[in-house]
Amino acid sequence: MSRKIWLDGNIVEEADAKISVFDHGLLYGDGIFEGIRFYENRVFRLREHIERLFLSAKALLIKMPWSIDEVMAYTLDTIRANGLTEGYIRLVVTRGVGDLGLNPYLCPTPSMFIIASGIKLYPTEYYTNGLEVVTCGTRRPTPASLSPQVKSLNYLNNIMAKIEALKAGAMEGLMLNEQGYVAECTGDNVFIVKKGQVITPPVSDGSLDGITRQVIFDLCEKSGITIREASLTRYDLYTAEESFLTGTAAEVIPMVKLDEREIGHGESEGRPGPITLKLTEAFRALVRSEGEPI
Ligand code: PXG
């Protein structure tokens, strides 16, 4: 079945959803995106995603000709046009069409398109058995260059790291910051469990302030699990009791091995740990119990 795409105000067939070769999103990666999930006819944390999109736009001086509420409505329209109840939204805003040259003022109006589709990042067995991860040589760019908070169309650092991970036979790669502290994985935030407490690096160590990351803070608080931010080294991950990754696409997934070290102690060494499993279950229940109705 051909997908229906929202493109600059119209819902068009996938085959007709075309972007100009002069679009600066393509020519220079000058644009931003969001990845959003919907479960059982409800969009999870829709407003938070659209608000983050608008913050990315503000940082890049992309003047959005739509309001937050309008973009939320267009997102829901796109899902309805595709008759989907469960899936994934990719929302992309580009600087728009302009002549050649970096100058963004050559592009009078931004372009936006919205795709509603399925997504499956990892096979089911990885959620049950856990993921093996390797540390990548490619570093997360420092906030002194483009802020990691901007979800821009230039993901080349993350893609280079992903290539390293895949070449090493791992499904995901750990990225460090310039100082060698843990930042995040190529498309997910990282958490560990130590002495029963959940710990994740502060976003100032070079990670995206993930919406799923925030959900983990909420779930820990609700379940009486202590959660805090702290800079982490690879040693902290190697010797952790448990570790897991979070992201809109990945959801919550256990990380059971890093650079050949099996994470965990005793019986749960190299296996998903109890707090990870508890949070995974709580996450699954939450995404099916709240969200913007479609
Ligand atoms: N770090 C990075 C670099 C990301 O790109 C996350 C963390 C997790 O953030 P959220 O807000 O999703 O919890 C992301 C998000 C894809 C895909 O197509 C990637 C993401 C989200 C949706 C789809 O690979 N990454």
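Which residue has a polar side-chain atom that lies 2.8 Å from an oxygen atom of the ligand? That residue is Arg 90. The model is predicted, so local features need pLDDT of at least 70 and side-chain atom pairs count only at pLDDT 80 or more, while totals for chains, interfaces and linings use all residues. Residues are numbered from 1 along each chain as its sequence is written, and side-chain values use heavy atoms, leaving out hydrogens and water.

| Residue (polar side-chain atom) | Distance to a ligand oxygen atom |
|---|---|
| Arg 90 | 2.8 Å |
| Tyr 155 | 2.5 Å |
| Thr 212 | 2.6 Å |

Of the 540 Å² of accessible area that the ligand has on its own, the protein covers 90%; such areas come from the Shrake-Rupley method with a 1.4 Å probe.

The shell around the ligand holds 22 residues, each with a heavy atom within 4 Å of it. The closest are Tyr 155, Glu 184, Ile 211, Thr 212 and Thr 248. By class, the shell divides into six nonpolar, 10 polar and six charged residues, with Gly counted as polar and Tyr as nonpolar.

Domain 1 (4-117) and domain 2 (124-287) both contribute residues to this shell, so the ligand lies between them. The domain bounds come from an automatic or database domain assignment.

Definitions and conventions:
Polar contact = N/O pair within 3.5 Å; in protein donor to acceptor, adjacent residues only side chain to side chain.
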